[in-house]
Amino acid sequence: MPQPMFGFMILSSLFTAIALQAAPVAPLEDIRAFTDTHRRDMRCAAIFAIVASEQARGEKSALAYPALGKRGRVYFADVGERVVAETGQPREAVQQEFVAIAASLQENAANRASPEAAVSEYMSKCLPLLDAAVPPPGKPALPQCAIYLQLAYEEIYAREGLSPAAR
């Protein structure tokens, strides 16, 4: 990846849009600090959002990783919900921590000779966490493949007739 797009706005809008809309605010005496595990999981969620954004832009180095659009979004939401629930921190405080983590990721990558190496380092530590929390979908069975092919054929046939693609 050339200069990584550590999109604060992406993280902020993703966090706001996902699942934490009705998170209750804990009384002040119930608010706890973020643990190292919380920060690690939030760092992984942030890196997944960043890589997913790069994948959506077609960035070649990001496409070397598994698709992170859906699974990364689920992981991000789950981590955010868990951190809010476990710490009692308000949603906005967790959102600010995500932004701070993204800034530190950006600074780390900027200070490295190869930003791709920084991303690779994080991804090697984070992908096992993603696989454990949000397992990748299994390979489709033969009947599922047949259904997918039939649906694809019908869509292409409706659009193009009996074109080479439909055949």
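**Ground rules.** I number residues from 1 along each chain as its sequence is written, and side-chain values use heavy atoms, with hydrogens and water left out. As the model is predicted, local features need pLDDT of at least 70 and side-chain atom pairs count only at pLDDT 80 or more, while totals for chains, interfaces and linings use all residues.

**Entry 1: the whole chain.** I looked up the secondary structure and found 6 helices and 0 strands. Here helices (H or I, at least four residues) and strands (E, at least two) are DSSP runs, numbered from the N terminus. Along the sequence the pattern reads α-α-α-α-α-α. The chain has 167 residues, and 37% of them count as buried; buried means under 20% relative accessible area, exposed over 50%, partly exposed in between (1.4 Å probe, protein chains only). I also checked contacts (heavy atoms within 4.5 Å). Among those with a separation of 6 or more, 81% come from residues 24 or more positions apart.

**Entry 2: H2 by itself.** Does the span of H2 fit its residue count, or what else does it show? I set that aside as a simple sum: the expected span is 1.5 Å times one less than the number of residues. For the 21 residues of H2 (residues 36-56) that should give 30 Å, and the end C-alpha atoms are 30 Å apart, which agrees. H2 is mostly covered, with 15 of its 21 residues buried. After H2 comes Gly58, and its phi is positive, near 85°.

Entry 3: I found Ile31 in the loop between helix H1 (8-17) and H2. Is Ile31 buried or partly exposed? Its relative accessibility is 28%, so Ile31 counts as partly exposed.

**Entry 4: H2 and H3.** Two packed helices are described by the angle between their axes and the distance between the axes. Axes are lines fitted to C-alpha atoms, for helices over the stretch in contact, and angles run from 0 to 180 degrees between N-to-C directions. The axes of H2 and helix H3 (residues 69-87) come within 9 Å and cross at roughly 155°, so the two are roughly antiparallel. My cut-offs: under 35 degrees is roughly parallel, over 145 roughly antiparallel, 65 to 115 roughly perpendicular and the rest oblique. The crossing is left-handed, meaning the near helix is turned anticlockwise from the far one by less than a right angle (clockwise would be right-handed). Residues in the contact include His38, Asp41 and Phe48 of H2 and Tyr75, Phe76 and Arg82 of H3. By class, the contact has 11 nonpolar, 5 polar and 3 charged residues. Ala, Val, Leu, Ile, Met, Phe, Trp, Tyr, Cys and Pro count as nonpolar, Asp, Glu, Lys and Arg as charged, and the others, Gly among them, as polar.

**Entry 5: H2 and H5.** The axes of H2 and helix H5 (residues 115-133) come within 9 Å and cross at roughly 110°, so I noted them as roughly perpendicular. Among the residues that meet are Ile47 and Val51 in H2 and Tyr122 and Leu130 in H5. This contact has 11 nonpolar, no polar and 3 charged residues.

**Entry 6: H2 and H4.** H2 packs on helix H4 (residues 91-110) at about 70°, with the axes 9 Å apart. The crossing is right-handed.
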